Amino acid sequence: MSEPFEPRIVGFLCNWCSYAGADLAGTSRIPYPPNIRIIRVPCSGRVDPMLAMKAFLEGADGVIVLGCHPGDCHYSEGNYHARRRLVLFHRLLEFFGVERDRFRLDWVSASEGVRFAQVVGEFTEAVRRLGPRRRPEAVLEGSR
Amino acid sequence: MARVGVFVCHCGSNIAATVDVAKVAEEAVKMDHVVYATHYVYMCSTPGQELIQQKIQEYQLDRVVVAACSPRMHERTFRKATAQGGLNPYLMEQANIREHDSWVHADIPVATEKAIEIVRMAVAKAVGLAPLEAAQVGITKRCLVIGGGIAGVQAALDVAEAGYEVVIVEREPSLGGHMAQLDKTFPTLDCSACILTPKLVDAAQHPKIKLYTYSEVVGVKGFVGNFQVTIRRKPRYVDEKLCTGCGICWNSCPLRPRVQEDGTVKGGFPSKFEANLGRRAAIYVPFAQAVPLVPVIDTEHCTWFVKGGKCGLCAQKCPRGAVNYTQSEELITEPFGAIIVATGFDLFDARALGEYGYGRYPDVITGLELERLMNASGPTHGHVLRPSDGRPPKTVVLVSCVGSRDEKIGRPYCSVVCCMYLAKHAIMLKEHDPEVEVYNFYMDIRAGGKDYDEFTRRAIEQYGAHYLRGRVSQVYERDGKLIVEGVDTLIGRPVEIQADLVVLATGITAPEGARELFQTLNISYNQYAFINEAHPKLQPVETNTDGILLAGCATGPKDIPATVAQASGAAAKAIGILSKETLIANPMVAEVNERECVACQLCVQVCPYRAIEMTTTRRGKPVAHVNPSVCKGCGLCVNACRGGAINLKGFTDQQLVSQVSALLAEPLAEVLDER
């Protein structure tokens with residue numbers, strides 16, 4: 001029997017809500033799967049789809065972007081920009097040969113430590129079920 | 001090659017209990033660019049910080065990575081330590097191995113490997129960091145207060161007392177706001193005007209305070225320390241400098257209201273200050289203690305304006321020649337360092353709830369109208385008389401939560417003050433006429449303030465007001481009486497009361513024009529057009545725009561003590577800004593690469609702070625320019641830029657990509673196999 005597949009997940013978290021929510025999960029000692037690696041960004045609106053695509057190209061099995069809830073953005077409207085751009089990116093993922101469930105855009109506030117752990121847990125489980133991602137080479141070959 | 005030093009913190013046992021800190025340091029030193037790595041029990045302690053400073057010198061480090069708690073906790077501390085070690089503070093990167101690792105994972109090998117990866121990502125980012133210099137900007141030592149109610153006046157007085165110039169902009173002809181309309185205040189039953197008007201006079205006479213009444217803010221440019229505000233001064237048609245407020249004009253206006261022999265009033269026009277229960281002339285001051293005591297002309301009704309130059313009696317009679325029919329609107333622009341928004345509230349229009357019959361039956365009135373009826377300087381000289389027949393009511397029904405806590409009309413919030421002012425109304429009605437029966441339909445009694453619950457109990461126990469827990473379903477007229485149908489949920493029975501007067505506790509809503517003003521100010525507000533605080537708990541008097549502060553009901557319903565406290569809080573914040581000689585801006589801002597910029601202006605459109613303006617290079621090429629003092633560093637423009645000409649310092653594309661690459665260079669599967 002081989003070991004269960006452990007996906008590698010990159011999380012882009014906005015500094016004001018979701019990164020603070022992840023901090024709160026820590027302060028409250030709420031456990032969640034260790035697979036996520038968090039990259040702090042000022043705002044979910046800073047997450048260029050290029051960054052998410054770069055993570056997939058480099059071999060990430062899942063990418064999650066978390067920002068402030070709609071209406072709560074520290075920069076007033078950054079998360080709306082994120083939503084518009086990343087929803088479109090999400091639709092294009094399959095075209096790139098990446099299963100849609102490997103990407104998630106969601107909202108976690110600074111007071112939602114429990115929700116952070118829950119979202120990350122769910123996402124990790126979903127990606128684990130999908131198994132390892134096809135290598136970029138395979139994706140490129142498939143498209144030829 | 002960069003020379004990176006890695007400092008791993010134990011945080012006592014907070015990190016060290018689940019992360020093998022020695023192993024993290026051992027692995028860190030093997031990473032590219034890392035020349036030194038160590039671990040220490042408390043990196044944030046004085047010896048911990050000194051360790052960083054020492055090693056920067058000893059190993060000639062040019063980047064520092066501190067693997068410890070969240071940067072939201074100690075980023076400043078470690079930046080300072082880095083700076084004291086002789087490096088630019090922005091060459092420090094913090095790796096969060098506590099909140100994001102040791103506190104959420106129990107398994108030591110898993111947590112240790114995760115810590116190593118987090119450090120690897122931080123090192124990769126650190127290598128790409130560039131030194132940043134914070135810009136310094138000068139400050140205009142003047143404060144603008146928008147709104148001349150109790151919040152604005154209190155804030156203005158506090159800032160002026162600290163020695164700074166203040167301008168109050170009030171859109172009505174007089175200072176005072178809603179508090180000036182109230183009769184008494186709960187729970188002390190102080191006369192509202194008696195405690196308010198001395199403050200208005202203080203503000204008007206203060207050498208540091210300038211009043212722009214009958215004026216509105218129409219444009220705001222700039223940023224904290226350096227706002228340029230455009231104010232529209234509406235014409236009053238009376239020269240403020242010449243007028244003495246003698247009253248000859250409004251007493252000689254042919255359209256003035258006149259008391260008839262039977263006591264009724266004929267002529268004049270409904271007075272907004274008197275909640276439309278009283279009447280005024282076409283040239284008027286809103287109330288006797290108005291500040292400034294200078295009338296305005298109502299051009300909708302004044303014969304001179306309506307009939308093109310006829311009448312002119314007020315100008316003839318004015319002993320100072322202050323009436324000037326040719327005055328015109330004036331736009332003035334002034335510089336300010338800080339802005340306090342104290343725009344207050346309006347009352348919910350009870351006509352939207354037809355079941356209560358407001359607007360249909362003259363004896364269904366609002367709480368504010370009752371305030372005016374009870375006030376000695378009000379339209380009935382302090383006698384509570386029914387608007388329909390001028391007779392004193394014997395049975396009064398008070399209805400709470402009209403336009404508050406009501407999902408179906410989109411106002412789920414509590415208006416905070418109504419429970420208390422209804423208790424006050426119950427007491428005052430009994431004080432005016434001990435024979436009157438007062439019924440109060442309530443949902444819950446919310447009396448959370450100091451002495452508030454005692455006050456409500458007094459209304460019930462000492463004054464004998466009948467409190468009925470339940471809603472009113474409808475109000476209608478039958479045989480000259482108002483029939484109030486409701487339910488008393490405590491006895492579980494429908495109730496019908498034959499009332500002479502029904503008082504609706506209309507809730508607090510955002511004032512007209514609030515959204516437009518807040519957009520002009522570029523501050524965020526919620527779905528009810530109440531301003532969002534920068535942080536609802538820890539920054540309650542600040543907005544998301546630096547230098548713009550808040551006081552009073554502009555952020556949501558509030559009573560007078562809370563408003564005054566908040567106004568003084570906002571004033572303290574304003575003084576904090578104005579007392580500095582220069583402001584240090586956040587250096588982690590966006591920057592345009594002028595060579596790459598094609599002046600498409602997409603960045604200008606997405607910037608929530610209007611920090612980007614178009615300019616031209618020395619060679620005349622049009623390019624975007626980010627004002628570093630206005631930019632808040634969100635990075636929206638970076639993504640909007642199609643040519644990749646904008647980058648966000650501290651979060652550049654290259655820095656973020658290097659974090660991704662560093663993480664994924666090491667296969668996680670192998671890491672887990674070793675276990």
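Is K184(B) buried, exposed or partly exposed? K184(B) is partly exposed, at 21% relative accessible area, where buried means under 20%, exposed over 50% and partly exposed in between (1.4 Å probe, protein chains only). Residues are numbered from 1 along each chain as its sequence is written, chains are lettered from A and ligands numbered from 1 in the order in which they are written, and side-chain values use heavy atoms, with hydrogens and water left out.

**Figure 1. Chain B as a whole.** Chain B holds 19 helices and 36 strands; helices (H or I, at least four residues) and strands (E, at least two) are DSSP runs numbered from the N terminus. Its C-alpha trace spans about 100 × 70 × 40 Å along the principal axes. Of the 675 residues in chain B, 56% are buried. The accessible surface of chain B is about 29000 Å², and carbon and sulfur atoms account for 50% of that (Shrake-Rupley method, 1.4 Å probe; for residues, only the protein chains shown count as cover). Contact here means heavy atoms within 4.5 Å. Among the contacts in chain B between residues at least 6 apart in sequence, 68% link residues at least 24 apart.

Figure 2. pLDDT is the predictor's confidence in each residue, from 0 to 100. Chain B has a mean pLDDT of 94, with 99% of its residues at 70 or more. For the complex, the predictor gives an ipTM of 0.93 and a pTM of 0.75. Take care with residues 668–675 of chain B, where pLDDT stays under 50 and the model has 14 contacts beyond four places in sequence. Where pLDDT is low, the predicted coordinates should not be read in detail.

**Figure 3. The nonpolar cores.** A nonpolar core is a set of buried Ala, Val, Leu, Ile, Met, Phe, Trp, Tyr and Cys residues joined through side-chain atoms within 4.5 Å. The largest one has 101 residues, and those with the most contacts inside it are F12(A), F103(A), V159(B), I209(B) and I340(B). Helix 6 of chain B (residues 150–161) supplies the largest share of this core, eight residues. A second, separate core has 61 residues, including V417(B), A426(B), A505(B) and A510(B). Look next at I209(B): leaving out residues up to four places away in sequence, I209(B) touches A156(B), L157(B), A160(B), V166(B), I168(B) and A203(B).

Figure 4. K184(B) sits in strand 8 (residues 184–185) of chain B. Not counting residues up to four places away in sequence, K184(B) touches L189(B), D190(B), C191(B), S192(B), E371(B), K424(B) and M428(B). Y476(B) is 292 residues from K184(B) in sequence and 30 Å from it in space, C-alpha to C-alpha. A cis peptide bond, with omega about -10 degrees, joins F186(B) and P187(B). P187(B) belongs to the loop between strand 8 and strand 9 (190–191) of chain B.

**Figure 5. Another cis bond, and two positive phi values.** The peptide bond from V291(B) to P292(B) is cis, with omega near 0 degrees. P292(B) lies in the loop between strand 17 (283–284) and strand 18 (296–297) of chain B. R29(A), a residue other than glycine, has a positive phi near 55 degrees. The loop that holds R29(A) runs between helix 1 (18–27) and strand 2 (36–41) of chain A, and R29(A) is partly exposed at 42% relative accessible area. Phi of A599(B), also a residue other than glycine, is positive and near 60 degrees. A599(B) is in the loop between strand 33 (590–592) and helix 16 (602–606) of chain B.

**Figure 6. Two buried residues of chain A that touch chain B.** V47(A) is in the loop between strand 2 and helix 2 (49–58) of chain A, and it counts as buried because its relative accessibility is 1%. Beyond four places in sequence, V47(A) is in contact with F12(A), V41(A), V65(A), L86(A) and N639(B). P42(A) lies in the loop between strand 2 and helix 2 of chain A and is buried too, at 4% relative accessibility. Beyond four places in sequence, the contacts of P42(A) are C14(A), N15(A), W16(A), Y75(A), G633(B), C634(B), L648(B) and F651(B). The C-alpha atoms of P42(A) and N15(A) are 4.9 Å apart, although 27 residues separate the pair along the chain.

Key: Predicted model: local features only at pLDDT ≥ 70, side-chain atom pairs only at ≥ 80, totals over all residues.
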